[in-house]
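Okay, everyone, let's get the structure up on the screen.

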Amino acid sequence: MKKTIIAIVFVVMFALPIGLIVWLSSGEMKQYEHNTDFNIEPFAYGEIDMVTRKDMEEYFILEGKFVSEGFIFEEIGDVGTKTIKALVAPGDEVKKGDAIIEIGKNTYYCQHNGIVVELSTFGKAFLKLENIDKLMFEFAIDNSMKIDPDKEYKTENGSVAKLSFISNVIENGKRIARLSINGGDYLLGQEMKLKLLTGKVFESVLVVKTESVYQKDKDGPYYVRTTDSSGYVLTEVEVKIGYKNEEYICITGVPEDTCCDMGYGSLFFSNPKNNSNESGD
């Protein structure tokens, strides 16, 4: 009897409170449980771009710098035993009319603008200049750039350019080439991206932003990820690509007004934007 009473007291004093605490805690936890079932929908990774029709003007973007077309030689004359005082040194920039050298009581004045390469005072003195008035645009060319050496091209600012030199030596898959440039206000050593217009226009073609097109594997097909106007993903479509520039690419395989995910391609191997040399196909 005594043992029974002790057991009842134990239940009342210890087991019952612990059970009550567990029951209360369980109820409290349920207050934080979500009653809504979530359905996660696939949405675009980036901005939405729409397939449109437009005229595409073909051009090359050439990245390089302006170099001298060549050298100029100016004959000064016999020096003999006369006193000589050179007024310039190699590397100096000189302009037409600048004093170059004093020979005896005579002063010789430069006939051209340029950079002094050499001033020889032995025997028949002469001045060798790097020409800064006649410049060429030097850049690296690869096989994707189909520049016709017999054709004159216009640049974006109206200058006329023609391919005048291309090296027979390949380095890192490219060759050094130079364009002769007529017109424009350029400077020796000036670096820039030169936009060379081919004169060809692709009329009313389907285009999309280049970021919207991607490949999953090297040398594999091209795709776009289509969405609705809100960015909800619909499907993935294989497309054929054509001419591209640094902003747009011509495509076939989807209709006009198709919405495309511009961000999805960054997850895969490549897209034309990343691999473009900005010269077109």
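First, a term: a patch here is made of residues with over 30% relative accessible area and no salt bridge, with like charges joined within 9 Å and nonpolar side chains (Val, Leu, Ile, Met, Phe, Trp, Tyr) within 5 Å. A salt bridge is a side-chain nitrogen of Lys or Arg within 4 Å of a carboxyl oxygen of Asp or Glu, and accessible areas come from the Shrake-Rupley method with a 1.4 Å probe, where for residues only the protein chains shown count as cover.

Keep in mind that this is a predicted model: local features need pLDDT of at least 70, side-chain atom pairs count only at pLDDT 80 or more, and totals for chains, interfaces and linings use all residues. Residues are numbered from 1 along each chain as its sequence is written, and side-chain values use heavy atoms, leaving out hydrogens and water.

So, the patch. Phe71, Phe73 and Val117 make a nonpolar one on the surface, together about 310 Å² of accessible area. Phe73 sits in strand S3, residues 71-78 (strands are DSSP runs of E, at least two residues, and helices runs of H or I, at least four, numbered from the N terminus). Phe73 counts as exposed, at 55% relative accessibility; the cut-offs are buried under 20%, exposed over 50%, partly exposed in between.

Leu267, in the loop between strand S19 (259-261) and helix H2 (272-275), is partly exposed at 48%. Its C-alpha is 8.8 Å from that of Lys216, 51 residues apart along the chain.

Last one: what does Ile147 touch, not counting residues up to four places away in sequence? Phe60, Leu62, Phe139, Ile141, Tyr153, Leu163 and Leu196, with contact meaning heavy atoms within 4.5 Å.

Technical notes
Buried < 20%, exposed > 50% of the residue type's maximum accessible area, 1.4 Å probe, protein only.
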